[in-house]
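Please keep the sequence and structure in view while reading.

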Amino acid sequence: MSITINELKSYMSLCAEQTEIENRISRLEQRIYKLNKRLLEIENNEVVKDRVYGGYGGNQGFNIEGVPIAEYSRKRTLLLIDKESLEYQKQALSQCSVKVTQQKTGVERFLLTIDDSEIRRIIRLRFIDKKAWDEVAFALDTTPDAARKQFERWFARATGEDSGKKDEKRHKK
């Protein structure tokens with residue numbers, strides 16, 4: 001079994017997308033909680049009081065009180081929009097999670113075919129654990145450039161791809 005650098009990058013991108021959707025869901029849930037709390041405050045005990053003047057020459061004063069309908073209506077609308085958005089985000093997360101799981105399984109299968117332990121560690125740390133090259137290098141007790149180059153060279157030999165790098169000799173005239 002073989003895998004391309006684009007498939008590895010696609011897997012990383014899907015993982016990042018999944019994290020972004022999870023963060024979006026978390027923010028929406030927090031906003032929905034705050035909106036619900038505010039709506040309950042308005043419904044249960046918030047009364048707006050004011051004194052207006054009118055009548056004969058504007059000399060008569062009237063006390064008015066009531067529920068802040070404009071704010072309540074606005075918050076209620078925002079709540080409905082956020083709840084609908086939350087449902088869409090949950091559907092997107094579900095679809096993304098399936099794709100991530102499928103691609104992760106493919107990457108794990110690919111790892112089983114690799115004899116070199118250090119290369120397996122590099123791929124697992126970089127693509128499955130989503131570590132930056134400096135974190136991969138730290139785990140391998142090397143430099144980030146050395147870890148990246150080791151992977152790129154191995155990948156080029158193993159797959160015949162250039163792992164996304166252009167061959168400078170080909171482009172020189």
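## Surface patch

In this predicted model, a nonpolar patch on the surface is formed by V52, F62 and I64. Together these residues have about 240 Å² of accessible area.

F62 belongs to strand β2, which spans residues 60-66. Its relative accessibility is 39%, so F62 counts as partly exposed; that class lies between the buried limit of under 20% and the exposed limit of over 50%.

## Cysteines

The structure holds 0 disulfides. C15 is in no disulfide, and the nearest cysteine sulfur, that of C96, is 7.9 Å away. C96 is likewise in no disulfide, its nearest cysteine sulfur being that of C15. A disulfide needs the two sulfur atoms within 2.5 Å.

C15 counts as buried because its relative accessibility is 1%. C96, at 5% relative accessibility, also counts as buried.

In soluble globular proteins, nonpolar side chains tend to be buried together. The largest nonpolar core here has 35 residues, of which L8, I123 and F151 touch the most other members. The elements giving two or more residues to this core are α1 (5-45), α2 (69-112), α3 (117-128), α4 (133-140) and α5 (144-159). The largest share, 11 residues, comes from α1.

Which residues does F151 contact, leaving aside its neighbours within four places in sequence? The contacts of F151 are I5, L8, I119, I122, I123, F127 and W133.

Key. Residues numbered from 1 in each chain as written. Predicted model: local features only at pLDDT ≥ 70, side-chain atom pairs only at ≥ 80, totals over all residues. Heavy atoms only, no water. Patch = residues over 30% accessible without salt bridge, like charges linked within 9 Å, V, L, I, M, F, W, Y side chains within 5 Å. Areas by Shrake-Rupley, 256 points an atom, 1.4 Å probe, with all protein chains shown as cover. Salt bridge = Lys/Arg side-chain N within 4 Å of Asp/Glu carboxyl O. Helix = DSSP H or I, 4+ residues; strand = E, 2+ residues; numbered from the N terminus. Buried < 20%, exposed > 50% of the residue type's maximum accessible area, 1.4 Å probe, protein only. Core = buried A, V, L, I, M, F, W, Y, C linked by side-chain atoms within 4.5 Å. Contact = heavy atoms within 4.5 Å.
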